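Reader: I would like to learn how to read a few features of a protein model. Please take them one at a time.

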Amino acid sequence: MESPEIERCAHLIHHAGDRGRTLPGGFCQCPAGLIHANDCPISNGQECVHFKERDGAPEGLDERAYEKLHVQLSEAFVSRRYFHRVRSLCPAGDAWHRRKARLEELYAGTEDEAPFEDVEKVDAAYVIERDKLIEARRKRDAAREERKQQEKDRAAEQARIRVKTVVERARDTVAEKGNVATSYLD
């Protein structure tokens, strides 16, 4: 925690130290979730979208609760969700969170304003698209079955040709030796 500014934040977790003092901890629990204080934008000299000035003295957690938070953070520390959580703290925010916010803004006002006819048009468009996808899948499956059948036919033809050549070789060999009648080979 390089910046003293982070100690003014209400989201910074403090733990009970010796002689009844509270010491700033290494965690920040903001609306985005639990993050390490070194990953907080304030500790890096930037703005944080969840910064909130603390009123009064901070309350310190006991050692057991503080250790529980430490274990929870250790489990999530290397996950992709933690990465998005940290990136969402800056004012520019993570692209994923900005896209989610834009979609929420876009669809927030349309729920009550959409007339019933538009819902029917959307449902009809959905059915049309669904039917197109089903037909495309059916065609792919039919083409796959046709290819399998062609491969089977080709393999059977090659096997028949191989057997024919073996029989022809045997006929030539027997005819050369002259000791077996040709009628046995037919």
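Reader: Are Phe27 and Tyr66 buried or exposed?

Author: This is a predicted model. Buried means under 20% relative accessible area. Phe27 is buried, and Tyr66 is buried as well.

Reader: How many aromatic pairs does the structure hold?

Author: It holds one. The ring centres of Phe27 and Tyr66 are 5.0 Å apart and the planes stand at 40°, so the pair counts as tilted. Phe27 belongs to strand S2 and Tyr66 to helix H1, 39 residues apart, and the pair thus links distant parts of the chain.

Reader: Which residues of the largest nonpolar core touch the most other members?

Author: The general idea is that nonpolar side chains tend to be buried together in soluble globular proteins. Here the largest nonpolar core has 18 residues, and those touching the most other members are Ile6, Ile13, Phe27, Leu34 and Ile35. Two or more residues of this core come from each of S1, strand S2 (22–30), strand S3 (33–36), helix H1 (63–76) and helix H2 (80–87).

Reader: What is Leu34 in contact with, leaving aside neighbours within four places in sequence?

Author: Among its contacts are Ile13, Phe27, Leu69, Leu73 and Tyr82. Cys28, Gln29, Gln72 and Arg85 are also in contact with Leu34.

Reader: Where does His14 lie?

Author: His14 is part of strand S1, residues 12–16. Its relative accessible area is 4%, so His14 is buried. A polar atom of the His14 side chain lies 3.3 Å from the backbone oxygen of Leu12. Not counting residues up to four places away in sequence, His14 touches several residues, including Thr22, Arg54, Pro58 and Leu61.

Notes
Residues are numbered from 1 along each chain as its sequence is written. This is a predicted model: local features need pLDDT of at least 70, side-chain atom pairs count only at pLDDT 80 or more; totals for chains, interfaces and linings use all residues. Side-chain values use heavy atoms; hydrogens and water are left out. Helices (H or I, at least four residues) and strands (E, at least two) are DSSP runs, numbered from the N terminus. Buried means under 20% relative accessible area, exposed over 50%, partly exposed in between (1.4 Å probe, protein chains only). A polar contact is a pair of N or O atoms within 3.5 Å; within protein, one must be able to donate a hydrogen and the other to accept it, and residues adjacent in sequence count only if both atoms are side-chain atoms. Contact means heavy atoms within 4.5 Å. A nonpolar core is a set of buried Ala, Val, Leu, Ile, Met, Phe, Trp, Tyr and Cys residues joined through side-chain atoms within 4.5 Å. Rings of Phe, Tyr and Trp (its six-membered ring) pair if their centres lie within 6.5 Å; planes under 30 degrees apart count as stacked, over 60 as edge-to-face and the rest as tilted.
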